[in-house]
Amino acid sequence: MLYLSVIVLIPLAAVVVKAFSSGLGSLWSSIDNTLTLHALVITVGASLIVAAVGAVMGTLVAWVLVRDSFPGKRVVNSLIDLPFALPTVVAGLTLIALYGPNSPVGIHLAYTRGAVLVALLFVTLPFVARSVQPVLIELDREVEEAAASLGASNMTTFRRIVLPALRPAIISGAALAFARSVGEFGSLALIAGKVQIASIVIYADIESGSEQAAAALSVVLMAIALAVLFALRRFGARVDR
Amino acid sequence: MSLRALALLYLTLLLLAPLAIVFGRTFEHGIGTAWAFVTTPAAVSAFSLSVLIAVIAVPLNTIFGVGCAMVLARSRAPRAGKGILDALIDLPFVVSPVIAGLALILVYGQGGWFGSAFLNNGIRIIYAVPGMVIATVFVSLPFVVREVTPVLREVGDEQEQAAATLGASSWQTFWRVTLPTIRWGVAYGVVLTTARALGEIGAILVVSSNVAGSTLTLPLLLYQRDDQVGGQVTTSVYALATELAVISVAVLLLMTLFGSRREKSG
């Protein structure tokens, strides 16, 4: 507990104290300017898109890995963890290499919002896939077969039988992906260019010595991420019952 | 297009193609050139600093992680208390690394809550290696706890109780019974911690003074080099990226190995 306090809790408390150090009014005024609000909107918007796309593609990937069989499946299975193993700067750099100025495929995404989305999809790929996979493995196939034998189409079976069982896993994976996206820095530092991302604005504020502004934006970001995590826990508790 | 093709295409475009290009760019002037870039004094010292930080941070978080998991899964503390601890441990995953860095500056930096006390005794934390170690510990703290707690819950405490009735002290029980059961979970958590420790940039960037040769880790060196050339990525940057990527592929192999062992034993 002492360890946790010294490393995590006391420093985070310091951020909150700093943000409120000159009253609630100044906290608001340091957020309420076009640049900061813009950054917040873009960050949260991008994270929502990433969570949604990630939920769909992550489920698809998990489905293929569990239900399909093809040569090289085990390799693909370990590849899913690559974004966790690869340093995020390298992730950003690889995307610049592919979609940047000297792009071999002629797609110039780097330094745009598109690049931010791709980078976030990259780093959050494992969350949904890895949370859906175990549930899908445990899922009883007989119910699906029963549905099919009663004349349900593939789509109906998936929507009415499989999806309800997977929903908690998909939602918790997507929520983690969202929380990660809101705070992501490493992979975006190189690729975001002039796109204002909240974590990059915080970094710029720290570098220019305006710790108060940085702390204010930090508190807002933490509040958003914590709200998502809290909602997730409530949801999980409800499903458990 | 079948689902399989769609899933594989998505993975290829997102994961494999970008990596392949980085490898290609690294070696386009031959292996010798690439090797020369990763053996410059700056690159070598960045590599050793990365390793040094990981060597300090990973054992700390492993000991804390196993201890904390024991508390969460075994102690008879009130449920509410454990619930709070459980939620607090996830904080480093939720908080942006940049915010972590800022938080450490506000506490341990000049004019921070404890910073002046340390500085007066000649201990420099922020903009020096100790701060970078603390930042790394911060961002990689939850991994071991998160991996070990479910294993402990899963195996139950019957064997531990049996050991206790046979007269084993709690220390003996831990070393002889508990630890061997959870070893693959611990190993997996350690690998995840190491990967994060070696690759972290956000938190470290904030608390490092960014001086090549003393306080630059590999990811920082990469970031700084790229910053300087302004978008025109050079072979030296690609070489560093490949070095990091090779390390992470090794980590990935360990993850796969420990991950499957853990599933078998758990």
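User: At what angle do helix α10 (residues 158-165) of chain B and α11(B) pack, and how far apart are their axes?

Analyst: First, a word on the source. This is a predicted model, in which local features need pLDDT of at least 70 and side-chain atom pairs count only at pLDDT 80 or more, while totals for chains, interfaces and linings use all residues. Residues are numbered from 1 along each chain as its sequence is written, and chains are lettered from A and ligands numbered from 1 in the order in which they are written.

Helices (H or I, at least four residues) and strands (E, at least two) are DSSP runs, numbered from the N terminus. An axis is a line fitted to C-alpha atoms, for helices over the stretch in contact, and angles run from 0 to 180 degrees between N-to-C directions. Here α10(B) and α11(B) pack at about 145 degrees, with their axes 10 Å apart.

User: Which residues make the contact between α10(B) and α11(B)?

Analyst: Two residues are in contact if their C-beta atoms, placed from the backbone, lie within 7 Å. From α10(B) the contact takes B:Q159, B:E160, B:A163 and B:A164, and from α11(B) it takes B:T173, B:R176, B:V177 and B:T178.

User: Why is helix α11 (residues 198-207) of chain A largely enclosed by the rest of the structure?

Analyst: Eight of its ten residues are buried, so helix α11 of chain A is largely enclosed by the rest of the structure. The buried residues of α11(A) are A:A198, A:S199, A:I200, A:V201, A:I202, A:Y203, A:D205 and A:I206. After α11(A) comes A:G209, with a positive phi near 85 degrees. Of the 241 residues of chain A, 47% count as buried, and the chain has twelve helices and zero strands.

User: How many residues does each chain give to the contact between chains A and B?

Analyst: Chain B gives 58 residues and chain A gives 60 residues. On the side of chain B that touches chain A, the largest share, 15 residues, comes from α1(B).

Notes:
Buried ≥ 20, exposed ≤ 12 C-beta atoms within 10 Å, placed from the backbone.
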